[in-house]
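Reader: I am new to this structure and would like to know what lies behind the words used for it. Could we take the terms one by one, setting each value against its rule?

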Amino acid sequence: MKRLLFPIAVVLLVTVGRALGDTANWDGSASIAFAGTSTLHDWDGKVKAEPFTASVVADDDGQPKTLTATVKVKATDMDTDNDKRDATMQKSMKVTDYPLIEGKFQGVSFASIMPDGKTPSKLPFSLTLMGKKQDVVATVTSWKLSGDTATFDANFSLSLKQCGITVPSAMLVVRVGDTVKVNVAVKLVRAKGD
């Protein structure tokens, strides 16, 4: 009797697991480049996100269905390679009150990321910056999946005004443009054992 119950229990567990959707964790890293303009010259900067975990739920065929992740960036780590500009940026972003920038990907459907099942295109997420949450849709490019590693770029633009960021003019003449372009280079590696 025990010999018969074990195979039945295994079949039930596999069936229930598939019905609920298999979930795999992927270790994530992201390098972020940002660029803007001013009446004097263009400027750019970079920052790395804190390491994060992305949870991917797969369907019965093992194809990804949804993605959930929270990506955090320390605002004080943003670097434009100009100490004075960095100090102004940090003051304008009130980094003491809002030390983290957070991107949340909550159950994002792979149908919207990979409409044809192969080529990514759009990645919707919510961005919290200076305590204000806004919906953003990034354009995904350079998608590569090789074994247990996926890499891609996510590109989007932000309005300083919509984010609540006010940058003072310098010498009453130099003004920063409202649009900041953001490029996020993402790497996901499937966690061992998942």
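Author: Let us begin with Ser-92, a residue found in helix H2, and keep in mind throughout that this is a predicted model.

Reader: Why is Ser-92 called buried?

Author: Buried means a relative accessible area under 20%. Ser-92 has a relative accessibility of 8%, so Ser-92 counts as buried.

Reader: Which residues is Ser-92 in contact with, leaving aside its neighbours within four places in sequence?

Author: Contact asks for heavy atoms within 4.5 Å, and on that basis Ser-92 is in contact with Met-130, Ile-165, Thr-166, Val-167 and Pro-168.

Reader: What makes the buried residues of H2 line one face of the helix?

Author: In H2, which covers residues 83-92, the buried residues are Asp-86, Met-89 and Ser-92. Seen down the axis of H2, these buried residues fall within an arc of 130 degrees, and therefore they line one face of the helix.

Reader: What is found at the start of H2, and what follows the helix?

Author: At the start of H2, a side-chain oxygen of Asn-82 reaches to within 3.1 Å of the backbone nitrogen of Lys-84. H2 is followed by Lys-94, whose phi is positive, near 50 degrees.

Reader: How do you know whether Thr-80 is buried or exposed?

Author: Thr-80 lies in the loop between strand E4 (64-74) and H2. Its relative accessible area is 4%, and because buried means under 20%, Thr-80 is buried. Not counting residues up to four places away in sequence, Thr-80 touches Phe-34, Trp-43, Asp-44, Gly-45, Arg-85, Asp-86 and Met-89. Thr-80 and Trp-43 are 37 residues apart along the chain, yet their C-alpha atoms are separated by 7.3 Å.

Reader: Why are E1 and E9 said to pair?

Author: Two strands pair if there are at least two bridges between them; E1 and strand E9 (residues 179-190) have 10 bridges and run in the antiparallel sense, so they are called a pair. Gly-28, for example, stands opposite Leu-188 in E9. Strand E8 (residues 149-159) is also joined to E9, by 11 bridges in an antiparallel arrangement, and the partner of Thr-151 in E9 is Lys-187.

Reader: How many helices and strands does the chain have?

Author: The chain comes to four helices and nine strands, and read along the sequence they follow the pattern α-β-β-β-β-α-β-α-β-β-β-α-β.

Note on methods:
Residues numbered from 1 in each chain as written. Predicted model: local features only at pLDDT ≥ 70, side-chain atom pairs only at ≥ 80, totals over all residues. Heavy atoms only, no water. Helix = DSSP H or I, 4+ residues; strand = E, 2+ residues; numbered from the N terminus. Buried < 20%, exposed > 50% of the residue type's maximum accessible area, 1.4 Å probe, protein only. Arc of directions from axis to C-beta. Polar contact = N/O pair within 3.5 Å; in protein donor to acceptor, adjacent residues only side chain to side chain.
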